[in-house]
Amino acid sequence: MQDEFDYDLTPGQWEALKAVRTSASRLPPIGRYAVESLIALGLVAMNGDTPVITQTGRKVLIRGSSQLLLDLAA
């Protein structure tokens with residue numbers, strides 16, 4: 001059964017999603033492709049010129065964080 005929050009994100013997309021959760025004043029440089037692909041997935045939205053994480057993006061990040069830890073342990 002496929003969970004609605006299962007996304008096969010690239011390492012660059014994961015890093016971009018983690019970066020977007022920070023405040024806009026401390027936002028590190030993020031690749032345009034990664035942001036555009038996250039917008040297309042509905043995980044990030046634009047607020048003016050600043051990418052912001054969506055509610056779905058937060059859920060994916062929280063769910064994916066535990067999976068990333070399991071992958072590191074393997």
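Me: What does the side chain of Ser37 make a polar contact with?
Reply: The side chain of Gln13, at 2.8 Å. Keep in mind that this is a predicted model.

Me: Okay, and where does Ser37 lie?
Reply: In helix H2, which runs over residues 32–41.

Me: Is Ser37 buried or exposed?
Reply: Buried. Its relative accessibility is 12%, and the cut-off for buried is under 20%, so Ser37 counts.

Me: Which other residues of H2 are buried?
Reply: Ala34, Val35 and Leu38 are buried in H2 along with Ser37. Those residues span an arc of only 165° around the axis, so they sit on the same side of H2.

Me: What's on the face turned away from that buried side?
Reply: That face of H2 carries exposed residues: Arg32, Tyr33 and Ala40.

Me: And what do the buried residues of H2 pack against?
Reply: Helix H1, plus strand S1 (44–47) and strand S2 (50–53).

Me: Let's do the helix pair. At what angle do H1 and H2 pack?
Reply: About 80°, and their axes are 9 Å apart. H1 here is residues 11–20. Angles from 65 to 115 degrees count as roughly perpendicular, so that's how H1 and H2 are arranged.

Me: Which residues make the contact?
Reply: From H1 you have Gly12, Gln13, Ala16 and Leu17, and H2 brings in Ala34, Ser37, Leu38 and Leu41. So Ser37 and Gln13 both belong to this contact.

Me: How many of them are nonpolar, polar or charged?
Reply: Five are nonpolar, three are polar and none is charged.

Me: What follows H2?
Reply: Gly42, and its phi is positive, near 80°.

Me: Switching to the strands. Where does Val44 lie, and is it buried or exposed?
Reply: Val44 is in strand S1. With a relative accessibility of 4%, Val44 counts as buried.

Me: What does Val44 touch, leaving out residues up to four places away in sequence?
Reply: Val44 touches Leu17, Val20, Leu38, Ile39, Pro51, Val52, Ile53 and Thr54.

Terms used:
Residues are numbered from 1 along each chain as its sequence is written. This is a predicted model: local features need pLDDT of at least 70, side-chain atom pairs count only at pLDDT 80 or more; totals for chains, interfaces and linings use all residues. Side-chain values use heavy atoms; hydrogens and water are left out. Axes are lines fitted to C-alpha atoms, for helices over the stretch in contact, and angles run from 0 to 180 degrees between N-to-C directions. Helices (H or I, at least four residues) and strands (E, at least two) are DSSP runs, numbered from the N terminus. Angles under 35 degrees count as roughly parallel, over 145 as roughly antiparallel, 65 to 115 as roughly perpendicular and the rest as oblique. Contact means heavy atoms within 4.5 Å. Ala, Val, Leu, Ile, Met, Phe, Trp, Tyr, Cys and Pro count as nonpolar, Asp, Glu, Lys and Arg as charged, and the others, Gly among them, as polar. Buried means under 20% relative accessible area, exposed over 50%, partly exposed in between (1.4 Å probe, protein chains only). The arc is that of the directions from the helix axis to the C-beta atoms. A polar contact is a pair of N or O atoms within 3.5 Å; within protein, one must be able to donate a hydrogen and the other to accept it, and residues adjacent in sequence count only if both atoms are side-chain atoms.
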